Amino acid sequence: MSEQAVAEYRIEDLAHHSGATVRTIRAYQDRGLLPKPERRGRSNVYRDTHLARLRQIADLLDRGYTLASIKELLEAWDAGRGLGGVLGLVAEVHGPWTDEEAARISRDELNERFGGKPDDEAVGEACELGVLERIPGRPDQFLVPSPQELSVAAELYAAGVPLPAITGHLRELRGHVELIASRFLEFTTEHVFARYLGALPPTDSDAAEAATMVRRLRPLAQQTVDAELARAMRLFATRHLQQHLGAVKTPQPSGPAPVALPAETVRAVQELVGPDHVAEFVRAATERELQARTMNDLASRGGR
């Protein structure tokens with residue numbers, strides 16, 4: 001690299017500073033992702049613009065963008081439409097969706113929280129699920145992206161839930177949660193973000209507005225899920241308790257149950273004896289009927 005004010009690189013130097021391989025740089029050139037270098041004699045000369053472009057490509061790849069979509073973004077930038085707003089939107093979407101901060105845990109601490117005995121199989125599955133992340137060069141240390149999630153697992157294990165059951169439940173739960181997240185994204189895209197994403201890529205102003213909306217709407221999904229989960233847990237926990245303990249039965253009152261008379265019967269009795277004597281008349285008529293049935297019953301028995 002020369003000592004000029006504007007840095008110049010050979011392809012090997014560019015690969016060293018960018019972290020890309022020489023083969024990758026040449027492939028990007030062939031696909032139109034990287035501007036062609038300046039030809040100087042028998043050598044190709046690259047500049048800081050090439051290095052910045054390689055870093056942008058690497059960043060977008062890390063965020064999950066394909067080379068085809070990256071090419072569209074970069075072509076729009078080269079055409080003068082700008083890329084600042086788009087990259088800001090990308091950074092906003094890719095940023096943290098929770099206030100929780102990652103932590104570290106040693107293998108000894110991990111063993112202590114889960115029974116005190118090393119379990120390589122359980123650690124491997126936790127890494128596969130992303131509950132733990134290995135730290136290069138530190139086999140005795142792990143990164144914990146969500147300390148809360150690890151604490152939940154530890155509490156369940158302490159309550160007697162086996163580790164395979166915990167990881168199996170997490171896999172099942174993750175599938176349901178990803179479905180909810182996908183549906184929430186489709187919903188907000190349809191009703192909120194469609195107006196910003198009509199042009200591909202969006203203009204700087206549209207991308208900046210969309211990034212602002214992401215910041216506003218980001219907590220809504222978790223707040224909604226928290227509220228609905230609390231409601232559902234209360235509902236189903238009550239049902240489970242009733243099923244296991246038996247539903248509480250309402251005590252029935254002792255003694256004779258009241259009998260409702262037809263309205264026509266009550267009106268007829270009122271016309272006959274007056275409204276003040278209805279109850280007395282019904283009581284007397286009932287007693288007379290019972291006495292008659294008793295006499296009939298005795299007479300039928302005597303005649304046998």
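**Residues, helices and cores**

Modeller: At 48% relative accessibility, V152 counts as partly exposed, where buried means under 20% relative accessible area, exposed over 50%, and partly exposed in between (1.4 Å probe, protein chains only). This is a predicted model, in which local features need pLDDT of at least 70, side-chain atom pairs count only at pLDDT 80 or more, and totals for chains, interfaces and linings use all residues. Residues are numbered from 1 along each chain as its sequence is written, and side-chain values use heavy atoms, with hydrogens and water left out.

Biologist: Which helix does V152 lie in?

Modeller: V152 is in helix α8. Helices (H or I, at least four residues) and strands (E, at least two) are DSSP runs, numbered from the N terminus.

Biologist: At what angle do α8 and α9 pack?

Modeller: Helix α8 (residues 147-158) packs on helix α9 (residues 163-191) at an angle of about 135 degrees, and their axes are 10 Å apart. Axes are lines fitted to C-alpha atoms, for helices over the stretch in contact, and angles run from 0 to 180 degrees between N-to-C directions. α8 and α9 are therefore oblique to each other: angles under 35 degrees count as roughly parallel, over 145 as roughly antiparallel, 65 to 115 as roughly perpendicular and the rest as oblique.

Biologist: Which residues make the contact?

Modeller: On α8 they are E149, A153, L156 and Y157, and on α9 they are L163, I166, L170 and R174. Contact means heavy atoms within 4.5 Å. By class, the contact of α8 with α9 has 6 nonpolar, no polar and 2 charged residues. Ala, Val, Leu, Ile, Met, Phe, Trp, Tyr, Cys and Pro count as nonpolar, Asp, Glu, Lys and Arg as charged, and the others, Gly among them, as polar.

Biologist: And α7 with α9, what's the angle there?

Modeller: The angle between α7 and α9 is about 10 degrees, with their axes 11 Å apart. That makes α7 roughly parallel to α9. A122, E125, E128 and L129 of α7 meet L163, T167, L170, R171 and R174 of α9. The contact of α7 with α9 divides into 4 nonpolar, 1 polar and 4 charged residues.

Biologist: Which residues touch the most other members of the largest nonpolar core?

Modeller: L14 and I25, in a core of 19 residues. A nonpolar core is a set of buried Ala, Val, Leu, Ile, Met, Phe, Trp, Tyr and Cys residues joined through side-chain atoms within 4.5 Å. Two or more residues each come from α1 (11-18), α2 (22-30), α3 (48-62) and α4 (67-78). α3 gives the most to this core, with 4 residues.

Biologist: What does I25 touch?

Modeller: Not counting residues up to four places away in sequence, I25 touches I11, L14, A15, S18, A20, L34, Y46 and L54. Another core, of 17 residues, lies apart from the largest one and includes V123, C127, L132 and V144.

Biologist: Back to α2. Is Q29 buried or exposed?

Modeller: Q29, which lies in helix α2, is buried, with a relative accessible area of 19%. Leaving aside neighbours within four places in sequence, Q29 is in contact with L34, P35, P37 and Y46.

Biologist: What about P118, buried or exposed?

Modeller: P118 is exposed, with a relative accessible area of 62%. P118 sits in the loop between α6 (107-113) and α7 (120-129). Not counting residues up to four places away in sequence, P118 touches R107 and N111.

Biologist: Last one: how many helices and strands overall?

Modeller: The protein has 12 helices and 6 strands. Buried residues make up 25% of its 304 residues.
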